[in-house]
Amino acid sequence: MKNVSQLKVLQTKRLLKRQNYLRKVYRDVSPTKIPESVNVELNLIEQMLKDLDIDQAIYQKQPKVISIRHSNSDKWYFQQISHWLERHPEAIGANFNRSEIYRFALQFFVENIALNAANAKLVYGDLTQKVAALSRKRENAKLESQLANIESLLGFLTTLQYRHLEYIPESIDFQNSLVSYSINPISEKEFQYFGAPTEMAPNNDLGKAYAAYKKIRSREKLAIKKRYQQGSFYPD
């Protein structure tokens with residue numbers, strides 16, 4: 001049950017809302033053309049506000065309802081945060097209502113920006129650049145990890161290939177049980193004297209094999225993404 005102060009505050013808010021509405025409607029109307037009934041109502045509201053004579057300190061302490069009107073851009077942003085929260089329901093305790101979503105966004109900004117000493121003093125432009133830099137840093141870390149994996153894989157494959165070529169026989173004499181081994185083609189002199197095919201040449205066998213392999217790998221990667229899409233997992 002509301003006490004007297006709370007009732008006075010509630011009535012004051014209603015009167016101020018009506019007063020602001022009337023003033024806004026007739027803002028561009030000449031005073032002589034404003035209907036008499038409107039002037040009477042405004043005078044009555046003014047008198048009632050004086051009679052209520054509410055303490056300003058008490059009025060400021062009362063919770064205020066903030067009306068938010070959405071533009072098309074605002075709706076898009078709200079949809080994006082809603083989609084994010086659907087994937088992370090633990091952030092708001094799975095309470096998917098507008099007030100809870102707005103409260104989450106407000107608290108997140110205050111705790112991570114306004115109360116963070118490293119962010120609070122930054123001007124808006126510097127803050128957006130810092131956030132963008134964090135995104136680029138994550139992308140760079142991802143690329144560095146991928147490059148490290150590629151480097152390790154290439155080193156591993158090169159080692160296997162080199163050792164494999166050391167043990168490939170050139171000829172086998174079954175009658176005398178003799179095995180002759182050829183020179184390992186992965187050597188400086190072999191490349192100098194005979195050259196080497198590359199995957200960049202589209203007309204040789206290596207280039208054609210490489211092109212076919214890329215198509216197969218692309219199909220396999222797409223298939224993996226489709227299999228794991230439902231679990232929001234996207235392998236690189």
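A nonpolar core is here a set of buried Ala, Val, Leu, Ile, Met, Phe, Trp, Tyr and Cys residues joined through side-chain atoms within 4.5 Å. The views below are drawn from a predicted model.

**View 1. Overall arrangement of the secondary structure.** The protein contains nine helices and two strands, and these follow one another along the sequence in the pattern α-α-α-α-α-α-α-β-β-α-α. Of its 236 residues, 11% count as buried, and the protein exposes about 20,300 Å², of which carbon and sulfur atoms supply 57%. Among contacts between residues at least 6 apart in sequence, 33% join residues that are at least 24 apart.

**View 2. The largest nonpolar core.** Eight residues, namely L15, L22, I34, V38, L42, I45, L49 and L52, make up the largest nonpolar core. Helices α1 (4–25) and α2 (36–52) each supply at least two residues of this core, and the largest share, five residues, comes from α2.

**View 3. E46 in helix α2.** E46 has its place in helix α2 and, at 33% relative accessibility, counts as partly exposed. When neighbours within four places in sequence are left aside, E46 is in contact with Q19 and R23. E46 and L15 are 31 residues apart in sequence, while their C-alpha atoms are 8.6 Å apart in space.

**View 4. The two faces of helix α4.** Helix α4 (residues 72–87) has 16 residues and reaches 23 Å from its first C-alpha to its last, close to the 22 Å expected at 1.5 Å a residue. Its buried residues are F78, S82 and L85; seen down the axis of α4, these buried residues fall within an arc of 60°, so they line one face of the helix. An α-helix has 3.6 residues a turn, so residues three or four places apart point the same way. The buried residues of α4 pack against α5 (98–114), whereas the face turned away from the buried side carries the exposed residues N72, Y77 and R87.

View 5. N119 has its place in helix α6 (residues 117–120). At 9% relative accessibility, N119 counts as buried, because the cut-off for a buried residue is under 20% relative accessible area. With neighbours within four places in sequence left aside, N119 is in contact with N112, I113, L127 and K130.

**View 6. The hairpin of strands β1 and β2.** Strand β1 (residues 169–173) and strand β2 (residues 178–181) run antiparallel and are joined by four bridges. D173 stands opposite L178 in β2. The hairpin has four residues between the strands, and S177 takes a positive phi near 60°.

How values were computed:
Residues numbered from 1 in each chain as written. Predicted model: local features only at pLDDT ≥ 70, side-chain atom pairs only at ≥ 80, totals over all residues. Heavy atoms only, no water. Buried < 20%, exposed > 50% of the residue type's maximum accessible area, 1.4 Å probe, protein only. Expected span 1.5 Å × (residues − 1). Arc of directions from axis to C-beta. Contact = heavy atoms within 4.5 Å. Areas by Shrake-Rupley, 256 points an atom, 1.4 Å probe, with all protein chains shown as cover. Pairing = 2+ DSSP bridges.
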